[in-house]
Amino acid sequence: MYDLAIVGLGPVGAALAALAGGRGLRTLVVERETAPYSLPRAAHLDGEALRILAGIGVRPEGRDLDGFDLVDRQGRLLLRGRPRERPPGGFPAGRLIHQPSVETALRDVLRATPAVTVRLGTEVQTVTSGPAGITLSGPALSARARLAVGCDGAASRVRQSVGIGVEGGRFEQRWLVVDVRLTRDVPLPSRLLQIADPARPTTFVPFADPRRRWEFRLREDETAEAMTRPEAVHALLAPHVPPEAVDVERAAVYTFHDLVATRWRRGRVLLAGDAAHQMPPFLGQGLGAGLRDADALAPLLARVLREGAPLGVLDGYPAVRQRHVAGVIRQAVRLGRLATLPAGAAAVRDAVLRAAHRVRPLHRALLDVRG
């Protein structure tokens, strides 16, 4: 019997496995896929997330940044958002990263951690709890562990298997995410932009060369099939970058949600990362929140599994993390709503903020909005 079973080998599951294995917990990680997803997904890590990864031995490269600019459709600055928390230990306030590189580095760490066993290409269908442990079952799997953590994403099989629901859903928008590689030098902004154009709210993410990302809000009548066609993607990119200056790596439609699991622990089974919470990406905190989950949970797992503490100790995990996650989701939703106001309300927003910039104390405050 393993001490700990982790379902899902994305960056959160891998980080938790590294933290648990580093504490001597005999850990099994089960992952349905055989290799990391090869294209970028998460874009940003804050200083705290970078600190957590550095403690594991992973230091992601990328472009450092200290927040975002909210601009109007003409590109005029409305406000500049900056992280509320000061980065610890000399880490930057934030960094735009390449997620596949981070996942590869984490898997390298796990290969060098004797206490961790990884089973790729293995599907978990059910998670069954008993008085002394849990059983993971699938077509080619039957494994037992004293505790289990679902790090298996928004559609978590673990969460469903133990009967945990989700709540929220007051924010729901469909966006087209387009990742590109520049094929030549193009003058583009170096800051992350939330372009509050009521006709087409857009996000620009200036990854380190040669990658860039644009995200476009879709209208209700625009289908994923139509908007991911090359001609539609190029038409959306054209106002921002010459389409011939980029190679499109990925164009995919996502629905941005604000959802949280109704509970983060049921008996010997816990949830972390997207299995526990999903947030709109406007603050770039989705992956960072999952890494904070892993960092908060690992020492509590060690107390139970190595020191014989009662299971109730694990309730300290949601007690710490749920409040923080709820606050980040609220802030992300507020920014998302502010950036995607319809035309009439957007005109009022722009007029008010432009007027505020003419008052020196308000101008200074709008250049340093902490969120």
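Mentor: Before we start, a residue counts as buried under 20% relative accessible area, as exposed over 50%, and as partly exposed in between, using a 1.4 Å probe and protein chains only.

Trainee: Thanks! And what kind of model is this?

Mentor: This is a predicted model, in which local features need pLDDT of at least 70 and side-chain atom pairs count only at pLDDT 80 or more, while totals for chains, interfaces and linings use all residues. Residues are numbered from 1 along each chain as its sequence is written, and side-chain values use heavy atoms, with hydrogens and water left out.

Trainee: Is Glu 244 exposed or buried?

Mentor: Glu 244 counts as exposed because its relative accessibility is 59%. Arg 184, at 42%, counts as partly exposed.

Trainee: How many salt bridges does a search of the whole structure find?

Mentor: The search finds 31. Some are linked in a network: Asp 66, Asp 69, Arg 80, Arg 82, Arg 191, Asp 368 and Arg 370.

Trainee: What about Asp 108 and Arg 111, how do their side chains meet?

Mentor: In a salt bridge, at 2.3 Å from N to O. They are three residues apart in helix H3, so about one helical turn separates them. Asp 108 is partly exposed at 40% relative accessibility, whereas Arg 111 is exposed at 63%.

Trainee: Switching to H2. How many of its residues are buried?

Mentor: Eight of the 10 residues in helix H2 (47-56) are buried, including Leu 50, Ile 52 and Leu 53. Glu 48 is buried too, and Arg 51 forms a salt bridge with Glu 48 at 2.7 Å between the closest N and O atoms. Both lie in H2, three residues apart. Arg 51 counts as partly exposed because its relative accessibility is 30%.

Trainee: And what do the buried residues of H2 pack against?

Mentor: Helix H1 (11-22), strand S3 (44-46), strand S7 (94-96), helix H3 (99-111) and helix H7 (286-307), with contact meaning heavy atoms within 4.5 Å. H2 lies across S3 and S7, at about 85 degrees to S3. Axes here are lines fitted to C-alpha atoms, for helices over the stretch in contact, and angles run from 0 to 180 degrees between N-to-C directions.

Trainee: What order do the strands have in that open sheet?

Mentor: S3-S7-S4, three strands with antiparallel pairing. S3 and strand S4 (63-65) are the edge strands, each pairing on one side only. From one strand to the next, the twist averages 25 degrees. Two strands pair if DSSP finds at least two bridges between them; S4 and S7 have three, with Asp 64 partnering Arg 95 in S7.

Trainee: Last one: how many bridges join S12 to S16?

Mentor: There are 14, and the two strands run antiparallel. Trp 175 stands opposite Tyr 254 in S16.

Methods
Helix = DSSP H or I, 4+ residues; strand = E, 2+ residues; numbered from the N terminus. Salt bridge = Lys/Arg side-chain N within 4 Å of Asp/Glu carboxyl O.
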